[in-house]
Amino acid sequence: MVAATLALAGFFVALYLWFWKLGLVGSLVCGPGGSCEYVQSSPQSVILGLPVALCGVVGYLALFVIGIAGVQPRWAGRRAPTVLLAVLSGLGVAFSGYLTYLEADVLHAWCRWCLVSAGLIVAIFVTSLAGLRSVRR
């Protein structure tokens, strides 16, 4: 349930960034010294023709669904949802690491929302690893 809650928070962060990319949000609230609009407007904010924020929306939604499914009585004792959560969130950590590298070494700018998202995906991954340990027992 912790992973599902974190995934829901990540979903809303990614949705906010995607809505900005679509022009549905005026300006990004980023805080002092933040470069959110610069990062979100960069060529690196699109991968394979898709906004990175949309990838986040889809990814976090998938993690949320898996997290909720994993606590249902039918799946609660099974290992498969936890393994799937760990694999997908691990891929998310790798993708976030790549995006954070782009912010640091290519753009030389930081999007605070992106950093929040990176923290959330790491937390989901750590939670899923803890879940794997408890499912083994």
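Before we start, here is how residues are sorted: Ala, Val, Leu, Ile, Met, Phe, Trp, Tyr, Cys and Pro count as nonpolar, Asp, Glu, Lys and Arg as charged, and the others, Gly among them, as polar. Keep in mind that this is a predicted model.

**Exercise 1.** Describe the lining of the second largest pocket by residue class and by helix.

Solution. 
Step 1: Sort the lining by class, and the second largest pocket shows ten nonpolar, seven polar and one charged residues.
Step 2: Now the volume, which is about 260 Å³ for this second largest pocket.
Step 3: Look towards the centre: among the 18 lining residues, Met 1, Val 71, Thr 82, Leu 85 and Gly 131 are the closest to it.
Step 4: Find the helices: α1, α3, α4 and α5 are the elements that each give two or more residues to the lining of this second largest pocket. The largest share, five residues, comes from α5.

**Exercise 2.** Which element gives the most to the lining of the largest pocket?

Solution. 
Step 1: Start with the volume of the largest pocket, about 640 Å³.
Step 2: Its lining has 33 residues, and the closest to the centre are Val 52, Gly 56, Phe 95, Ser 96 and Leu 99.
Step 3: List the elements that give two or more residues to this lining: α1 (2-21), α2 (36-41), α3 (52-70), α4 (80-107) and α5 (112-136).
Step 4: Pick out α4, which gives the most to the lining of the largest pocket, with ten residues.
Step 5: To finish, sort the lining of the largest pocket by class: 21 residues are nonpolar, ten polar and two charged.

Conventions
Residues numbered from 1 in each chain as written. Predicted model: local features only at pLDDT ≥ 70, side-chain atom pairs only at ≥ 80, totals over all residues. Heavy atoms only, no water. 1 Å grid on protein atoms, 1.4 Å probe; cavity = no way out; pocket = protein on both sides within 12 Å on 5 of 7 lines; lining within 4 Å. Points joined across faces, edges and corners; volume = space filled by probe spheres on them. Helix = DSSP H or I, 4+ residues; strand = E, 2+ residues; numbered from the N terminus.
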